[in-house]
Each structure stands twice: as C-alpha cells, then as structure tokens.
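Reader: Could you walk me through how the pieces of this model pack together?

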Amino acid sequence: MTDPIADMLTRIRNAITAKHEKVEVPGSNMKKAIANILLSEGYVKNVEFVDDGLSGKIVIELKYAEGNKSVISGLKRVSKPGLRNYSGAEKMPKVLGGLGTAIVSTSKGIMTDKQAKAANVGGEVLCFVW
C-alpha cells in the first residue's frame, strides 16, 4: 500500500456510505493521531485502539445525526505521495469557509488548521474533513 492515510479515509467513506456502525483500520501512529482529531472535533463517536501483536487496529465508531445522516459529509486527501502539499501558518487553507477541518502534520505533531494557526506553525496539509 503506497498511501495508508488515503486507505483510512476511503475505509471511513465506504463505511459511511454503507451505514456501518464501526470501521476497522490497520494501526499506525499517524492514523491514531488523525482518528483522535476526528474524535476531538466531534466527527466520530469513539476511537478504540486494539493491540493484535502486530501494528494493531484502530476501531472507529461512526457518528450519525437524526435521520441516519452521517456527521461526516466529506473526506478529501490533499497531500498525496506523488504531490505533497505544504502550507505556512499564515496561508493555512480554510475548509468550507471555516466550517470544516483541515488536518495538518507539523513539526509539533498532527493538529487541526486552527491549532496550527494558533501555534504559528505550518506543515503538510494531510486531508480535509467536513
């Protein structure tokens, strides 16, 4: 697999389309950080890390609003292995005019666009969530 983050986002997108309660993703530290951001921003209900003796699994419990409509309406991978996308703190991209969240990998760890602006650090824009 050349892009594990895109695989994670695709698994979440497919699970939402199929109206699944949970989705399992192979574990890594970067995926754990992204899942924790999705949890703290209120896009998912729960995140659980399962140790299977190898790299582990991340079990993400999806969140649905009334009418069985998903809280996540879109996921987009921005920086790809073939074309990296970097942004400075002052030119951090806005997702849907500030309604969505951009997840950024900075020198101080993986954080949201708002946290990166507050900490005045730039980095690689991993994905957009709205």
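Reader: Which residues of H1 meet H2?
Author: Happy to start there: this is a predicted model, where local features need pLDDT of at least 70, side-chain atom pairs count only at pLDDT 80 or more, and totals for chains, interfaces and linings use all residues. Residues are numbered from 1 along each chain as its sequence is written, and side-chain values use heavy atoms, leaving out hydrogens and water. Helices are DSSP runs of H or I with at least four residues, strands are E runs of at least two, both numbered from the N terminus. With contact meaning heavy atoms within 4.5 Å, Met-30, Lys-31, Ile-34, Ala-35 and Leu-38 in H2 are met by H1 residues Pro-4, Ile-5, Met-8 and Ile-12.

Reader: How are H1 and H2 oriented to each other?
Author: Axes are lines fitted to C-alpha atoms, for helices over the stretch in contact, and angles run from 0 to 180 degrees between N-to-C directions. The axes of H1 (residues 4-17) and H2 (residues 29-40) come within 10 Å and cross at roughly 40°. Angles under 35 degrees count as roughly parallel, over 145 as roughly antiparallel, 65 to 115 as roughly perpendicular and the rest as oblique, so the two helices are oblique.

Reader: What is the strand order of the sheet?
Author: Strands pair if DSSP finds at least two bridges between them. E1 and E3 (residues 57-62) pair antiparallel over five bridges. The open sheet has three strands with antiparallel pairing, in the order E1-E3-E2.
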